Protein chains: 2
Amino acid sequence: MQRKHNNVEPIYPFTAWDVIEREFRAENNYRNETIFALGNGTIGMRGTLEEGFNGPGCEGTYLNGFYEREVIRYPEPAYGYAEHSQTLLNVTNAKIIQFYVEDELFDMTQGRVSEYERALRLKTGILERSLRWRSPAGREVQIDIERLVSLPYRHVAAIRYSVMPLNFDGSIRFVSKLDGDVRNLSASNDPRTGSRFEGRVLSVESRSAEGSFAMITQRTQHTRFLLACGMDHTFISGETRTLESRADDLSTSVVYTVAAKAGQPITLDKFICYLTSRDVPESSVQDEAKNILGNAKTVGFEVLRDEQAKYLTKFWDHADITIEGDDALQQGLRVNMFHLLQSVGRDSKTSIAAKGVTGEGYEGHYFWDTEMYVVPFFLHTSPEIARKLLEYRYRILDKARERARQMAHPRGALYAWRTIDGEECSTYYPAGTAQYHINADIAFAIKRYVEATGDESFLVQGGAEILFETARLWADLGSYIPNKGGKFCINGVTGPDEYTAVVDNNAYTNLMAQINMRYAAEIAKWLQANNSDVYQEVAKRIGLASSEIESWNKAADNMYLPYDERLQIYAQDDSFLNKAPWDFANTPPENYPLLIHYHPLVIYRHQVCKQADFVLALFLLSERFSMEEKKRNYDFYEPLTTHDSSLSSCVFSIVASEIGYHDKAYDYFMETSRMDLDDSHRNVKDGVHIANMAGTWMSMIYGFAGMRVQSENGAPLLAFHPHLPEKWNGYAFNMVFRGRLVRVAVNRDHVTYALLEGEELAIAHNGERLTLRKNQPLIL
Amino acid sequence: MQRKHNNVEPIYPFTAWDVIEREFRAENNYRNETIFALGNGTIGMRGTLEEGFNGPGCEGTYLNGFYEREVIRYPEPAYGYAEHSQTLLNVTNAKIIQFYVEDELFDMTQGRVSEYERALRLKTGILERSLRWRSPAGREVQIDIERLVSLPYRHVAAIRYSVMPLNFDGSIRFVSKLDGDVRNLSASNDPRTGSRFEGRVLSVESRSAEGSFAMITQRTQHTRFLLACGMDHTFISGETRTLESRADDLSTSVVYTVAAKAGQPITLDKFICYLTSRDVPESSVQDEAKNILGNAKTVGFEVLRDEQAKYLTKFWDHADITIEGDDALQQGLRVNMFHLLQSVGRDSKTSIAAKGVTGEGYEGHYFWDTEMYVVPFFLHTSPEIARKLLEYRYRILDKARERARQMAHPRGALYAWRTIDGEECSTYYPAGTAQYHINADIAFAIKRYVEATGDESFLVQGGAEILFETARLWADLGSYIPNKGGKFCINGVTGPDEYTAVVDNNAYTNLMAQINMRYAAEIAKWLQANNSDVYQEVAKRIGLASSEIESWNKAADNMYLPYDERLQIYAQDDSFLNKAPWDFANTPPENYPLLIHYHPLVIYRHQVCKQADFVLALFLLSERFSMEEKKRNYDFYEPLTTHDSSLSSCVFSIVASEIGYHDKAYDYFMETSRMDLDDSHRNVKDGVHIANMAGTWMSMIYGFAGMRVQSENGAPLLAFHPHLPEKWNGYAFNMVFRGRLVRVAVNRDHVTYALLEGEELAIAHNGERLTLRKNQPLIL
């Protein structure tokens with residue numbers, strides 16, 4: 001018996017290491033395509049059926065960072081608007097395996113399906129489907145399908161397709177296909193989904209098929225990217241068989257026909273490779289794809305499967321969180337972490353899209369979500385991935401410099417609010433380009449990265465340059481305003497809260513810019529002292545004067561912060577406290593999210609927040625505020641926040657934990673951890689909510705465990721303030737910090753810290769400084 | 001010899017009552033099409049050549065308010081955005097008269113043109129063209145063309161085309177055409193011009209031709225408007241002639257061929273009628289058009305010409321301004337007034353577009369320009385036209401109510417920022433829908449109208465209802481804000497200055513809203529007392545509670561105004577004084593207008609104004625501010641204003657006059673009066689600048705003559721503070737006020753006031769109260 005969780009009827013049983021579906025229903029297909037999506041940060045395959053499905057759904061395969069560009073048309077254009085879209089493309093469909101029993105085509109909606117189970121295995125990284133099918137003519141087969149998108153081999157996917165006749169001997173035919181006739185979803189009136197494309201934008205350049213091998217190359221129209229998609233097969237059957245291969249206009253197929261016998265399984269292993277001119281030089285795309293494919297076929301499906309499991313074992317060793325006493329949350333946590341891993345780019349050319357590689361929502365763009373939500377997770381589970389994400393920002397630094405010039409800043413860099421390749425793609429600047437805070441968010445992630453890893457090499461290899469260029473931007477953007485006591489003010493920006501736009505002195509932005517400038521100045525001094533050659537080279541190349549570094553500290557020291565003496569709170573911005581409160585009492589539930597029921601002006605002129613804004617600063621800059629300040633500000637902002645953004649609840653959960661609002665912390669956590677599994681926002685079909693998934697991890701580690709990286713005499717100190725929610729018996733997690741693997745376990749009676757790997761480490765528990773040594777767990 | 005004026009090389013000689021061109025040059029054609037445009041508020045015909053022209057230009061004919069609607073596509077749509085465009089259409093071209101000498105087609109660019117003159121006659125309302133043409137084969141003809149768009153008959157235009165062979169006898173053929181193959185200019189990247197249409201949107205429904213008569217009907221695709229364009233002809237020739245008429249797919253023609261003799265003129269009179277289903281019921285459009293055309297032909301060209309002159313004589317009697325000592329300004333003033341008359345809708349279904357009926361700029365939309373710039377001119381020259389403009393606002397009040405609901409206001413009306421038929425068409429809300437002040441501008445125009453005419457019937461017939469509905473909107477929009485001392489604040493709007501957007505407490509808006517609410521309350525009481533039936537009917541129909549009327553006064557009494565104690569000035573809005581000044585010193589001249597060289601965010605975050613904002617309030621609410629206040633505020637805002645909007649200079653001129661900055665007043669006036677004649681903004685090709693044209697009149701009357709309608713014990717008092725600019729010898733003007741025609745003449749020695757028509761009138765001269773009686777001019 002399945003109980004309800006969070007008042008939502010559960011969709012999948014609460015299993016610890018899987019997502020399982022036991023009945024196939026057409027109306028759930030679209031949603032399940034997202035939940036059962038597989039990916040490896042490069043390739044993303046929605047959980048569509050190999051044989052296809054004639055019903056609602058989106059037959060999507062995506063390659064992280066593989067996009068088409070188009071000129072954006074505005075009804076009223078203006079100078080400096082984003083000029084081109086960048087849209088993640090739905091690419092060659094390589095999942096297709098149709099099979100025929102005699103002349104009957106297998107189809108989930110024809111004949112009769114029994115003993116059906118589909119399972120996403122979080123430990124092994126395999127999507128399994130098994131069922132018995134009785135064809136309309138009465139032939140019965142047992143079907144077992146395994147699919148993987150290889151985590152260690154990021155251009156490879158594979159499918160094992162096994163069929164066993166149960167009540168007949170006869171011909172069985174497999175048609176394995178690469179289909180180049182693919183297109184994106186078309187634009188709807190919901191700004192969050194859909195593309196501007198009309199029809200197919202990926203043209204097919206070549207098709208080949210030879211024996212068990214076939215390949216299609218496709219090209220984008222404007223970006224001129226080349227994509228090669230290849231497949232090869234291993235066919236395991238005791239019987240004689242025939243093989244034919246075909247290529248037509250837009251697709252290519254390999255067909256196996258076999259005389260099958262009742263009770264004897266037949267297995268087709270399909271190996272798939274995607275490689276593009278974004279990965280390797282265009283001239284070698286095809287050859288390299290063939291090599292990769294050949295290697296995959298040579299090692300075989302079982303080795304790929306083993307290596308997949310090994311990769312995940314290591315991942316879970318560093319990342320797993322256990323919750324005693326709530327299977328539903330346990331499952332939610334793991335699914336979220338699994339999808340994060342599946343979605344994250346690891347090649348420093350790509351980042352992690354708002355929907356990962358599971359759907360087309362937000363056009364596959366990267367936002368600040370990466371640095372503020374996703375980086376912390378990887379920083380403390382797979383820090384090498386966190387570094388890749390930051391390297392991506394260095395890779396697009398030139399584009400950010402260009403953008404700064406377009407925005408009238410003679411120096412510095414301004415990162416695009418949303419982009420794939422670095423160019424600004426936000427078409428609504430008040431909730432786009434105006435969110436200058438992305439600059440400081442990136443700088444903050446670098447600071448966190450260096451603190452949590454000790455990896456100073458990243459600073460030398462680009463990190464410092466990002467810090468300098470972002471700091472310069474703030475110095476140029478802000479001004480010392482006489483009317484504000486000569487303080488350094490940052491006007492005309494939008495903070496994280498998108499229900500307030502283009503304001504002066506957004507407190508979050510000013511605080512983060514302050515840190516950005518201070519840290520840039522600190523790193524400049526450090527680099528001068530420790531890598532003076534590198535400093536000289538960078539300073540010369542970007543024309544950095546030492547007076548600028550002083551100007552950063554001066555601006556930081558004089559940073560204006562809007563503070564209300566009467567309420568003793570920080571105002572979200574200069575104007576926030578002068579607005580009328582939103583009339584929540586007369587806002588019917590169906591009018592949420594507000595942004596699709598009210599004109600922006602109506603929202604903007606009221607005290608209402610879409611998401612954590614100053615409350616996010618309370619979390620990030622925890623050491624800066626007293627507990628009383630945190631409470632007062634939280635108390636003020638919480639009732640004004642709709643959490644219409646999926647980036648919000650986790651932050652409120654974390655701060656609620658910190659200030660001892662444990663019930664609230666728990667309630668917010670409940671909203672985040674199973675958002676996609678329960679489809680509580682009713683749009684999981686468009687893809688998973690990556691930031692929220694990362695937020696679940698943050699709510700656990702920063703929230704319930706109260707983890708912070710504090711500063712102790714300038715050195716980072718790992719600190720905890722653990723709390724056990726009442727409804728649980730305990731929880732435990734592993735995390736990585738400065739080369740150590742630390743385990744924290746919390747139950748009713750004790751908190752246990754253990755050092756699993758690495759040298760001894762100072763930690764703080766509820767403010768008390770302790771030393772953690774290997775094989776000497778601290779039980780407190 | 002022509003001298004320079006305003007440092008601009010003059011284009012046309014400085015003639016008092018004409019605009020004359022003495023050389024035809026292809027590169028000036030596009031610009032001249034606007035300057036030589038004819039119109040009557042319904043029909044607008046650009047000054048294109050009857051025979052056509054194969055070069056840069058826009059063969060445009062427009063019918064005020066005749067538009068096509070399309071769905072607006074946004075790259076990122078949001079709730080409440082304007083949904084449909086409304087675009088003034090280029091309609092059936094009826095100007096075409098081609099003529100052939102034997103087989104040689106007349107063309108200004110072929111053969112040789114001599115004794116060329118084109119003249120727009122401001123006294124008679126005729127566009128004349130005369131020239132001698134020597135064909136490539138050496139045949140010479142004298143050509144004289146007169147064109148009129150009838151001011152008294154607003155569906156009629158006419159052309160008299162006279163040709164006299166000079167050195168040959170031979171065949172002459174006229175092809176007079178209606179061409180339905182018309183389309184609008186296509187969109188460019190300049191948001192101010194161009195449409196979204198692809199190709200032709202006016203389909204031809206029928207064509208007929210019979211004898212000298214022909215007609216085309218065309219239909220718009222989405223609005224489904226029907227347009228009938230007919231022509232008929234009178235041909236005056238002593239010789240035998242043949243007549244044929246033809247209709248093909250998209251056009252219809254009447255062809256006259258005549259055996260002409262040297263020295264004997266041949267004259268073709270062409271009568272044109274445009275009528276649409278916006279004017280009369282669709283079923284009677286064609287018949288009614290035929291009737292109108294028949295009447296025009298019956299009365300004949302000469303009568304039409306006489307009546308045109310009579311109409312203008314009356315107009316100039318009420319409107320003319322003379323300047324002694326500056327022919328260039330004299331000409332500029334008259335041309336501007338003439339184009340205002342030509343462009344203004346007089347049927348209460350239409351208003352006056354930003355480009356009149358002379359071009360496609362701004363899609364033929366009506367803005368606040370009408371009420372704040374154009375209405376004053378008509379109010380004091382042709383008050384019946386001012387009333388028509390206000391009636392138009394009553395006609396679209398329902399649309400404004402709908403818009404208020406979309407913008408989350410449960411009651412009241414919100415006028416569209418730009419529209420033809422009442423629906424909001426602004427696609428960039430920060431400089432569109434956010435300009436709520438249009439509501440108060442309309443209310444203010446009603447107040448001015450009633451004061452200047454004494455016509456209370458308009459209040460009863462709709463005016464009061466507009467006042468109530470606009471007042472309600474303000475009451476709902478604003479809030480009493482504790483943080484602002486409990487004052488009534490209006491947040492999240494844009495004032496007149498479009499270089500500052502979506503701000504709190506724009507001083508202009510708050511002041512005008514205050515007047516709107518106060519006047520609405522006053523008129524409510526007046527209506528209750530004087531027309532209680534009407535009041536009851538309106539109150540019931542719109543659900544107006546008497547408590548609401550109190551709430552208007554309360555809000556007005558508590559209206560917040562941002563005032564800076566240190567600078568002793570009113571802040572343009574809550575945030576304006578907290579911004580950094582624009583760096584004018586480092587802004588190169590080619591970077592103006594700023595809006596096409598800087599991203600909106602860059603502009604918005606600086607102290608820089610596109611146009612008069614608070615300075616406009618200084619003018620409109622002259623009685624509210626002391627002279628010192630006016631000076632201080634003017635001195636503050638003037639250096640921050642770029643006048644990138646053509647609505648700006650005239651207002652600065654008026655206020656400069658008032659505060660005794662006479663040189664500045666003169667300089668600003670110079671920028672306005674000949675803007676289009678000198679093409680100083682380099683875009684007169686796209687149409688005239690209507691608001692600026694009206695601003696010229698305002699600068700004279702409100703500025704140099706210091707005219708204000710003051711309040712004396714609640715009664716309106718016509719007051720003057722005349723000043724004579726140093727460079728002039730004198731100026732004089734007529735104006736209408738409460739049924740009187742008043743003449744004011746200013747020279748070095750005297751100011752003379754004369755009452756030309758009407759009963760005795762109290763006036764004030766430099767603060768002194770005087771009584772003006774007929775035949776008793778006051779010489780002061």
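User: What covers the buried residues of α15(B)?
Analyst: Among the elements covering them are α4 (369–379), α13 (614–620), α14 (627–637), α16 (662–673), α17 (690–704) and β26 (708–712) of chain B. This is a predicted model.

User: How many residues of that helix are buried?
Analyst: Nine of the ten residues of α15 (residues 649–658) of chain B are buried, which leaves the helix mostly covered. The buried ones include B:C650, B:F652 and B:I654.

User: And what is the phi of B:G660, after the helix?
Analyst: B:G660 follows α15(B) and has a positive phi, near 85°.

User: Chain A now. How many residues of α4 are buried there?
Analyst: Eleven of the eleven residues of α4 (residues 369–379) of chain A are buried, so that helix is largely enclosed by the rest of the structure. Among them are A:D369, A:E371, A:Y373 and A:F377.

User: Which loop comes between α3 and α4, and what is in it?
Analyst: One residue found in the loop between α3 (327–343) and α4 of chain A is A:Y362. A:Y362 is not a glycine, yet its phi is positive, about 55°. Most residues other than glycine have a negative phi. A:Y362 is partly exposed, with a relative accessible area of 26%.

User: What about B:N766, where does it lie?
Analyst: B:N766 lies in the loop between β31 (761–765) and β32 (768–772) of chain B. B:N766 is not a glycine either, and has a positive phi of about 45°. With 44% relative accessibility, B:N766 counts as partly exposed.

User: Is the peptide bond from A:Y592 to A:P593 cis or trans?
Analyst: The bond from A:Y592 to A:P593 is cis, with omega near -10°. A:P593 sits in the loop between β24 (580–581) and α12 (600–604) of chain A.

User: And what about B:Y592 to B:P593 in chain B?
Analyst: That peptide bond is cis, with omega near -10°. B:P593 is in the loop between β24 (580–581) and α12 (600–604) of chain B.

User: Back up a bit. How many helices and strands does chain A have?
Analyst: Chain A has 17 helices and 33 strands. Its radius of gyration is 27 Å, close to the 28 Å that the globule rule gives for 780 residues, so chain A is as compact as a globular protein of that length. The C-alpha trace of chain A spans about 90 × 60 × 60 Å along its principal axes.

User: What share of the residues of chain A is buried?
Analyst: Of its 780 residues, 65% count as buried. Among contacts in chain A between residues at least 6 apart in sequence, 67% join residues at least 24 apart.

User: What is the strand order in the open sheet of chain A?
Analyst: The order is β19-β28-β29-β30-β33, five strands with antiparallel pairing. β19 (321–324) and β33 (778–779) of chain A are the edge strands, each pairing on one side only. Helix α2 (residues 285–319) of chain A packs on this sheet, touching β19, β28 (730–737), β29 (740–747) and β30 of chain A, and its direction makes about 105° with that of β28(A).

User: How many bridges join β30 to β33?
Analyst: Two bridges join β30 (residues 751–757) of chain A to β33(A), and the strands run antiparallel. In that pairing, A:Y753 stands opposite A:L778.

User: Which way do the residues of β1 in chain B point?
Analyst: B:D18 and B:I20 point one way from β1 (residues 18–21) of chain B, while B:V19 and B:E21 point the other way, and all are buried. β1(B) pairs with β8 (residues 112–121) of chain B in the antiparallel sense over four bridges. B:V19 has B:L120 in β8(B) as its bridge partner.

User: New topic. How many disulfides are there?
Analyst: There are zero disulfides over all chains. The sulfur of B:C58 is 16 Å from the closest cysteine sulfur, in B:C229, too far for a bond.

User: What about the sulfur of B:C273?
Analyst: Its closest cysteine sulfur is in B:C229, 7.7 Å away, which is too far for a bond. B:C273 counts as buried, at 0% relative accessibility.

User: Last one. How does chain A superpose on chain B?
Analyst: A rotation of 180° with 0.0 Å of shift along its axis superposes them, with an RMSD of 0.0 Å. That is the relation of a two-fold axis. The C-alpha nearest the axis in chain A is that of A:Y74, 3.1 Å from it. The copies meet through the same surface, because 100% of the interface residues of chain A are also interface residues in chain B.

Notes: Residues are numbered from 1 along each chain as its sequence is written. Chains are lettered from A and ligands numbered from 1 in the order in which they are written. This is a predicted model: local features need pLDDT of at least 70, side-chain atom pairs count only at pLDDT 80 or more; totals for chains, interfaces and linings use all residues. Side-chain values use heavy atoms; hydrogens and water are left out. Buried means under 20% relative accessible area, exposed over 50%, partly exposed in between (1.4 Å probe, protein chains only). Copies are superposed by least squares on the C-alpha atoms of residues with pLDDT of at least 70 in both. Contact means heavy atoms within 4.5 Å. A disulfide is a pair of cysteine sulfur atoms within 2.5 Å. Two strands pair if DSSP finds at least two bridges between them. Axes are lines fitted to C-alpha atoms, for helices over the stretch in contact, and angles run from 0 to 180 degrees between N-to-C directions. The radius of gyration is taken over C-alpha atoms; the globule rule is 2.2 Å times the number of residues to the power 0.38.
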